[in-house]
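Please examine the model shown here and discuss how its structural features should be read.

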Amino acid sequence: MSANAGQDVEYKNDEIDLVALVRDLWKQRLIILGVMGLVGLAAVAYVQIATPYYQTQSVLKATSLKSFDQLNLTGVHEIDRDQVLKRIGGALESYSTRYAFFQENPELFKAVERPGESLEQAFQQLNKTAFTILKPDLKKPDSLFNYVGLSFVYPQGVDGPAVVNGMISFATADVRKRIASEINTLIANRLNKLQSKIVSARKGYETTKQSKIAKLLEADSIMRANLNDELASVREELILKRENRIKQLSEAIMIAEKLGIHKPATPSSMGDERNQSQGNTIRTEVNNQRIPLYFMGTEALSAEREALSLRESDDFTGERIGEIEMKLRMLKENRQVEALLKRDNDDLFLEKLAKWNEEISFLTELKPELLLQDLVIVDQPAIEPLAPIKPKKLLIVTLGLVLGAFLGGFIALVRVMMANTAASRTPR
């Protein structure tokens, strides 16, 4: 019974202590409110003097196919829209691109300069935290379109939209310049290749022409030699025939003299001397046998032998000689070789030269810089924000008041505990 009574008393004492603690803290309410007010005022002062920071951003997306269609149709270089967008994003993320833009536009970053450090150092500090590349989340493949962007958090006094829009224009121009340089390199390589083809074709054509001329002249030379050989052979044959004819005539003359045949006669006329003495007789004789040559008589045979002996050339007696001489006269000049040698412009006879020259003219007139004007589309340009993103005034003041209340309560609790400890040590 006594134990339960002791527990009730102890419980009541604890209850009385808690009420007393609350009462004592209430007595310290001015301290709590004061500390809360001081911390709150400090938070208000901070948000008043703190430099506001703003955020602006710009988003780019891939341009239409027709922007690169004319360039892609040239076959020099294939432009991929998404690849161009990635290259611009890489340029925006590159420190060298940002620093190059800063060097060209230092007046845009004057507000971030701090005492004791150069403008370059201030920019480097700003670059570490102020710029953020915006791009689709790779874990979300259902994005409606591919894009890239630049976000910029900047202090008051900096023209943020001008920095973002200017840096995007700078990066786009840099990528455009690089792509144009790559295309110009490819064009130069293509032109060099075409020039090499033309030089090789000209050399090949000249070699072919000289080879053709040599073959034609060689064929003419061989034919001329063959004809001359044939001509000499025919002439020898005619001489031999003439000499044989002279021998035949000599032999016939000798026989005719022995037979006393001086005028042309026939075998039947020689047997009828009687009829010859009575008068002139006209005799018709049909005989299939060949009459010997000596029946021509010594006069005709001698005349023919003399003529053959005095003949200086037998060429007119051979039809083949005339044909050979005509061919030899034609072989004196090869008109095909003459035409090949008289060509003033061999390029006209190169089949592919016109096509190559047309391609060279096309590539020379090609201006990649003019065909790369619309690399990307600015889907969202950077604009001046309506309000700063930090400091968050209401949140800071609220946190200040809460922190002040906790700090004031802690101080008041310490004072109450110290007062209670002092009171318990005082003898009654």
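Q: Which residue is the bridge partner of Leu134 in strand 3?
A: Two strands pair if DSSP finds at least two bridges between them. In this predicted model, Leu134 has Gly149 as its bridge partner in strand 3. Strand 3 spans residues 147-155 and pairs with strand 2 in the antiparallel sense, over four bridges.

Q: On what basis is the model read?
A: Residues are numbered from 1 along each chain as its sequence is written, and side-chain values use heavy atoms, with hydrogens and water left out. As the model is predicted, local features need pLDDT of at least 70 and side-chain atom pairs count only at pLDDT 80 or more, while totals for chains, interfaces and linings use all residues.

Q: What is the order of the four strands in the open sheet?
A: Strands (E, at least two residues) and helices (H or I, at least four) are DSSP runs numbered from the N terminus. Here the order is 2-3-1-4, with antiparallel pairing. Strand 2 (131-134) and strand 4 (376-380) are the edge strands, each pairing on one side only. From one strand to the next, the twist averages 25°, where axes are lines fitted to C-alpha atoms, for helices over the stretch in contact, and angles run from 0 to 180 degrees between N-to-C directions.

Q: Is Thr298 buried or exposed?
A: Buried means under 20% relative accessible area, exposed over 50%, and partly exposed in between (1.4 Å probe, protein chains only). Thr298 lies in helix 10 (residues 297-310) and counts as buried because its relative accessibility is 7%. Over the chain, buried residues make up 30% of the 428 residues.

Q: With which residues is Thr298 in contact, leaving aside its neighbours within four places in sequence?
A: Contact means heavy atoms within 4.5 Å. For Thr298, the residues are Ile253, Ala256, Glu257, Ile261 and His262.

Q: Where is Ser64 placed?
A: Ser64 belongs to the loop between strand 1 (53-62) and helix 3 (66-73). With a relative accessible area of 28%, Ser64 is partly exposed. Beyond its neighbours within four places in sequence, Ser64 contacts Arg81 and Ile377. Ser64 and Ile377 are 313 residues apart along the chain, yet their C-alpha atoms are separated by 8.6 Å.

Q: What share of contacts in the chain between residues at least 6 apart in sequence joins residues at least 24 apart?
A: The share is 81%.
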